[in-house]
Amino acid sequence: MSPRKIRLNVNGIVNEITVSEDTLLLDALREHLGLTGAKRGCGKGECGACTVLIDDSPVMSCIYPAIKAEGRSVVTIEGIGDDEKVLHPLQRQFVEKGAVQCGFCTPGLILSSKALLDRNARPNELEIRTAISGNLCRCTGYTKVVEAIGAAAGELRGEAASSKRREPASGAIGRSLTRIDSLGKVTGKAVFTDDMTLPRMLFAGVLRSPHPSARIVSIDRAAALSHPGIRAVLTAEDIPGSNRFGIIVKDQPYLAVDRVRFVGEAIAVVAAETKELVQEGLDKIRVSYEALPAVFDPWEAMKADAPKVHEGGNIQHHRKIRKGNIEEGLARADIVIEKTFSSQTVEHAYIEPEAALAHMDQGQMVVYCCSQAPHYYRNEIAAMLAFPISKVRIIRLATGGGFGGKIELSAQPYAALCSYITGKPVKYVFTREESVFTSTKRHAFDMHYKFGATNDGRLTAAHVTIVSNGGAYASYGPAVLTRSATMAIGPYECPNVHVDAYEVYTNYPIGGAMRGFGAPQMSPCHEAIIDEIGRRCGLSPIEVRRRNMLRPGSSTTTDQILEHGVGALETLERTSERAWRSSGKEEI
Amino acid sequence: MKKRGRGIACTYFGMGNTAKANPSSAFVEVCEDGTAIVRCGASDLGQGSDTALRQIAAHTLGIDAERVTMVSNDTMVAPEAGVTSASRQTYVSGNAVRIASEQAREFLLKEAAEGLGYDAVDLEARDGVIFLKERPDAKITIEEICGRLRAKGVLVAGAGTFTPPTPEALDPETGLGIPYGAYSYATQIAEVEVDTETGEVTVLSLTAAQDVGRAINPMAIEGQIEGGVAQGVGYALMEEVVVEDGVIVNPSFSNLLLPTALDVPPIQSIIVEVPEPTGPFGAKGTGEPPTCPTAAAIINAIYDAVGVLITSTPVTAEKIYMALKKKQGKEE
C-alpha cells in the first residue's frame, strides 16, 4: 500500500504525517507524533487502553485507521492536560481519590469519562459504570475510579468538594497520601517500556512451539537470514551461559534444545530492523518436529506409565502436613463432611503486555522492562550471558500490573541476548495473545476435603488432598503448593490435620504465582464445609466460625503457636456488624 | 424467579515467602537540607509500596513524607528487596526501611542532644523538629541539625536489612514448623441475587474486612482491597483460561472474560488494625488476602439463595442452572 500524507488535528494542533492506508491511529499517535499516553493493551479494540476522543466520542485507536481521522478532531490524554500543575478535574480527582494504581488503563479511563461528562453533567453511578465499561482495569476494582469521576463531575458543576478524610494529627503513618507516581500516570507522561525507544533500535520476536510435546529434529535458519535487515536468528547454541531458568527450580530453557513441552515454548529468537522483518524472519525458520505423546491431566500424569514431561518423573513436588492423629480426629467427630472441588486455570491479564528494551552500555547489559522482580531478572540474565551479576542492570519502568505474572522472566532475556549478540539496542513487546499463551497462570486444582466436627461445631479433623496441574515447568509452583497446604483449612484451629498436596508436571500451560498464591482455590472448600457444619449443628455461619477461629495462643495447621497480631475474630465481628445484622439474619 | 442470599467467608494469609529467607534491604540518606532519599529495590507496580515506604521513612526520621524521595526501580541504585510477591513489601521492606531510617536518625538525635544539652533517649523526632519528650518547646529543627552535621563532616545515612522470623524450612515429613512470621486475616460477606430460570448471578454488594496490623496508608489499602475483591469476583464467576489438547483457545479479551465496571459490585472495605509487633509500626502486608475469600463468600451466598452448592469455579450460570434442575428433579 502506497504511503500518503495526511493532516491530523491532534489536541488542536494540525500535524502532517506520512502513513500507509493500514496505519492505525494508535501507531500514528505513538510512533509518528510521540504521543505515548494512549496504550496498546490488546491490539483488538477490546481493553480500552488505547482510547482517544474523535469529535468528542471515545474511539479505540488500536483498530482505527489513521487516514479515517483526517479532517476530524482527535484528543489524547496529553490534550486534556499535560501540565502537572494545571490538571483537568478528572485528572486531579483520579489522583486525589486514589483511582490510579498501575496507570496503564488510566488515560483511556479518563478519556471515556471525559466524553461522558461533556454530554452529561450529572451522571448517576450506573451511567458512570456504563461509560467506562469498555475500559478494562485490573488493579482498582473500579470503586475509586467511579468515585473520582463523580467527584470530577461535581467539581465541573462548581460544587464544593466533599469532606476530606480524617488524618492523624502528626507523623506520616496513617495518612492517605496520594501516590507520587499517579501524576505522571494521569497526564500520560509515565514511561512504560513500550513508550521508550533508543537510537538504531532493533525489534525482536520469538518462534514458539505449536506442539504440546515434541522432539525437535532440526532447526534450519539459513533462509531467515537472507534479508540484510534481519540481524540475528538465534537458537539455544547461541546462548553464551546458562540456558536454564526458574525462580525455584531451574528447569526451563530460554530456547528449547531438543524437545518442547508446551504450546508456546520458545525455540528461536529473531532480531531485525522492523517489526515486519521480525515476522518475515520468524516465518522463514524451518523447524522439523517429531510429535511425542502428551499428557494434560495431572491425575493421568501421576500414573506410572504416563508420558514423562521431565526425566525425573511427573510429580514435581509432594507437600505433606501431618499434625496430630487424623484417624483419632475423625473417630472423635460427631459429623463428618466430605466434598470434592475443582478450580480453573486463570490468567493475570495485566493490561500492559510484557515488554523489554535491552542495550549494552560500556560493558554492562542494561534492560529496561516491566517487572515485579528486577533483582531476580538481573541474576538470571547474568547467568544466561555468563556475566558477573554486577554487570547486569535492570531498570524497572512503570509497570502496568503484575499480580504475580511479572515475576517469571518473559521478554527480557530474549531482548538481552539479541542485544548482546548484535551490539544494538533491542526491544521486544509481547502481543496480548503471546502474553496469554506463554505467561504463567493460576494453577487449576482438584481438591478432596473431609472435615470432622463435634456436635457443638468444633473441628476435630481435617483431611485434604490437593492435585495441582503444574504445566510444563515449575516456575513458582512448589511454593504455591506449599502455601495451599498451609492455608488449606482456613483461619481455624484443628488438632488433627492431614494434607497431601501434589504439584504435577504436564504438557499444559505453566502454572506460577498469582495473587493469593494457592489460597483462593482453598477457601471455597473450607468455607462451604464450615457453613455445612454450622447448619448441621444449628449454628449461624458467624457462630460456627467464631468457635473455630484462630486467636492468640492458637495452633495453626503447621502447629505454629500464634502469639500476637491475630485479628481474625475482629474481621469477622466487624463485617457481620456491618453486613449481616442488618439483613434480618439476626441470629449471629 | 430472583432469589437473594448472603454468604460469608474467612481467610488467613502468611506474610512473605514460606519458611524461607526472603530478605530486603534499604539505604537511607538524609541531605543537609533535611530532605531524605530512600533506596530500596521493592517494585511498585501501582500497589503503592513506594508511597508506604516513604511514609515509614518519613515517620521514623520525623520529617514530612513530601520531603522523602524514593528510588526503587534501578538495580544499580536500589539494593535488593526481593520479589514483589507474597504480600511482603510493606512487612519486609517496610522493616528494612525502618531499620535504615532508625540508623540515620541516631546521628540526628545525638547531634540534637548535644545542642540541647539533653540525653538522646529523651528526644523525639516528629514533624521536622527534634524535641524533648517531656518539654516539646525545647526543640531544634532537623534541617538545622543536618546543616550542623554536614559542617562537622558527618554525613547522615543508614542501611537496613530484614528477613521474616522464619528460621528454618518446614519438616519434610510432617510439614510442621513456622512458615510465616506474621499473618493477615480477612472476612468478606457477599450479597447475591440468583435468577432461578437462567442460573445467572448478580453480586449486589461485597463487604470486606482485613486485619492489616496498622494502616500505613488507608486509601492505598482500600485500593488493594477493592482491586483484590474484583479479581475474586472474576475468579468466582467468569474467568477461565480454556485449554484444549494443550492449546489455549481463548487468548483474546473477546473470549477471556474479565470483570468490567458493570460486573464488580460496590465494595465496602473495613480496615481492622490489630498491631503485629514484628511489622513496621505494627503493619502487615495487604495485597493478596482480599482475593482469597471472595469466591467462597459468593458460593456460600448462592447456596443461601437457592440451596445448591457449586463445587467448581468459575460458577457459571450454566452450572447453577444444571444444579437447580438436578435439585428440582430430586424434590419432585
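Guide: A:Phe517 sits in the loop between β20 (497-505) and α15 (519-537) of chain A; helices (H or I, at least four residues) and strands (E, at least two) are DSSP runs, numbered from the N terminus. This is a predicted model, in which local features need pLDDT of at least 70, side-chain atom pairs count only at pLDDT 80 or more, and totals for chains, interfaces and linings use all residues. Residues are numbered from 1 along each chain as its sequence is written, while chains are lettered from A and ligands numbered from 1 in the order in which they are written.

Phi of A:Phe517 is positive, near 50°, though the residue is not glycine. Most residues other than glycine have a negative phi, and most peptide bonds are trans. A:Phe517 counts as buried because 30 other C-beta atoms lie within 10 Å; the cut-offs are 20 or more for buried, 12 or fewer for exposed, and partly exposed in between, with C-beta atoms placed from the backbone.

A:Tyr142 also has a positive phi, of about 70°, and belongs to the loop between α5 (125-131) and α6 (143-156) of chain A. A:Tyr142 is buried, with 30 C-beta neighbours inside 10 Å.

Over in chain B, a cis peptide bond links B:Thr313 to B:Pro314, with omega about -5°. B:Pro314 lies in the loop between α5 and α6 (317-331) of chain B.

As for how the chains meet, 112 residues of chain B are in contact with 118 residues of chain A, contact meaning C-beta atoms, placed from the backbone, within 7 Å. On the chain B side, α4(B) gives the largest share, twelve residues.

Terms used. Two residues are in contact if their C-beta atoms, placed from the backbone, lie within 7 Å.
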